[in-house]
Amino acid sequence: MKLIDLHTHTLASDGTDSPSALVQKAHAAGLAAVAVTDHDTVSGLDEAEEAGRDLGIKVIRGCELSTHTEHGEVHILGLWLPRDAAPLQDQLGYLRRKRCERNRAIVEKLRALGLDVTLEEVRAIAKESVGRPHIAAVLVSKGYVRDVGEAFREYLGFYGKAYLPKEVLEPEAAVRLLAGLGATVSLAHPLLQRYPLPWLEGFVEHLSGCGLTAIEAWHSEHSDADTRQCVEWARRFGLGLSGGSDYHGGNKPGIRLGVGRGGLRVPLDVLEKLEAQRRAQGLPC
């Protein structure tokens with residue numbers, strides 16, 4: 001059975017592999033297709049596509065947008081992004097500027113707590129887009145915490161001493177933005193955060209009226225019951241199904257391309273059905 005992975009991250013955001021290296025790993029793993037869906041950026045897509053052409057593996061242009069709800073963050077995936085995506089680029093540029101401001105403020109909070117951390121050290125680790133995992137890596141390297149998990153528990157996570165919220169889109173705005181570009185718009189790992197099921201069901205129905213076209217049923221952190229719930233919501237609200245590992249390379253060492261923590265399997269026919277959905281909508285694949 002041929003497998004695919006429609007949710008991956010490179011060092012263009014908070015992964016550790018270059019876009020071309022990620023595609024090479026996907027090819028070595030025997031995947032038929034891979035989507036590159038970095039957080040709030042599309043900067044790695046051209047490199048990934050070029051590697052895909054060289055290796056003969058399908059690469060789907062994507063991104064993952066963070067949004068805010070009354071219960072917390074919800075992530076929206078855009079798949080099959082066009083090359084000319086000026087409205088998205090404008091919005092992403094704004095979010096990146098706000099992220100830079102947040103990173104600087106987090107580092108200042110850490111220094112006020114007596115931790116000798118500089119933004120230059122964080123940037124040296126990140127190479128490209130800077131995020132909290134890179135700040136965590138500096139804290140680990142300096143011995144302030146044992147591992148990344150402790151860094152988030154003690155300092156960077158929601159209850160951490162140096163936590164600051166980030167500026168994100170409203171979910172309706174994110175969905176409409178991506179749908180307006182002709183992307184397949186998928187709700188990412190909807191059961192990851194364990195929000196109240198009645199609220200989440202109503203949320204899925206609401207977003208389906210805004211342009212949501214799919215739901216990520218298969219994910220490294222989804223149980224079989226979670227997957228079944230997503231499949232049921234997709235049936236009820238007329239959505240397609242998607243799935244992926246949420247691979248981040250060394251920043252999530254327990255998750256591998258295509259298989260997640262070892263039990264993930266997203267068959268090729270998931271991709272084929274999404275492509276059929278797009279053709280029925282008059283959209284390119």
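## A first look

Is Arg194 buried or exposed? Arg194 turns out to be exposed, with a relative accessible area of 51%. Keep in mind that this is a predicted model.

Let's start with the strands. Seven of them make an open sheet, in the order E1-E2-E3-E4-E5-E6-E7, and the pairing is mixed. At the edges you'll find E1 (4-8) and E7 (240-244); each has a single partner strand, so one side of each has no neighbour in the sheet. On average, neighbouring strands here are turned by 30 degrees against each other, if you ignore direction.

Now zoom in on the E1 end. E1 and E2 run parallel, joined by 3 bridges, and Asp5 sits opposite Val34 in E2.

Which way do the residues of E2 point? Ala33 and Ala35 go one way, Val34 and Val36 go the other way, and all of them are buried. There's a helix to look for here too: H2 (residues 45-55) lies across E2 and E3, and runs at about 150 degrees to E3.

## H3 and H5

Two packed helices are described by the angle between their axes and the distance between the axes. For H3 (residues 86-112) and H5 (residues 132-141), the axes come within 11 Å and cross at roughly 25 degrees. An angle under 35 degrees counts as roughly parallel, so that is what H3 is to H5. Their crossing is right-handed.

Who meets whom? From H3 come Arg102, Asn103, Ile106, Val107 and Leu110, and from H5 come Arg132, Ile135 and Leu139. Sorted by class, the contact of H3 with H5 has 5 nonpolar, 1 polar and 2 charged residues.

H5 also holds His134, and this histidine is buried, with a relative accessible area of 4%. Leaving out residues up to four places away in sequence, His134 touches Ser13, Asp14, Val122, Ile125, Ala126, Ser129 and Asn251.

## H8 and H9

The next pair is H8 (residues 197-208) and H9 (residues 224-237). Their axes come within 10 Å and cross at roughly 40 degrees, and H8 and H9 are therefore oblique to each other. H8 passes H9 in a right-handed crossing.

On the H8 side, the contact is made by Leu197, Leu200, Glu201, Val204, Glu205 and Ser208, while H9 brings Gln229, Trp233, Arg236 and Phe237. By class, the residues in this contact of H8 with H9 divide into 5 nonpolar, 2 polar and 3 charged.

Most residues other than glycine have a negative phi. What is phi for His189? For His189 it is positive, about 25 degrees, although this residue is not a glycine. Arg194 isn't a glycine either, yet has a positive phi of about 60 degrees.

Their surroundings are another matter. His189 is buried, with a relative accessible area of 3%, whereas Arg194 is exposed at 51%.

Conventions
Residues are numbered from 1 along each chain as its sequence is written. This is a predicted model: local features need pLDDT of at least 70, side-chain atom pairs count only at pLDDT 80 or more; totals for chains, interfaces and linings use all residues. Side-chain values use heavy atoms; hydrogens and water are left out. Axes are lines fitted to C-alpha atoms, for helices over the stretch in contact, and angles run from 0 to 180 degrees between N-to-C directions. Helices (H or I, at least four residues) and strands (E, at least two) are DSSP runs, numbered from the N terminus. Angles under 35 degrees count as roughly parallel, over 145 as roughly antiparallel, 65 to 115 as roughly perpendicular and the rest as oblique. A crossing is left-handed if the near helix is turned anticlockwise from the far one by less than a right angle, and right-handed if clockwise. Contact means heavy atoms within 4.5 Å. Ala, Val, Leu, Ile, Met, Phe, Trp, Tyr, Cys and Pro count as nonpolar, Asp, Glu, Lys and Arg as charged, and the others, Gly among them, as polar. Two strands pair if DSSP finds at least two bridges between them. Buried means under 20% relative accessible area, exposed over 50%, partly exposed in between (1.4 Å probe, protein chains only).
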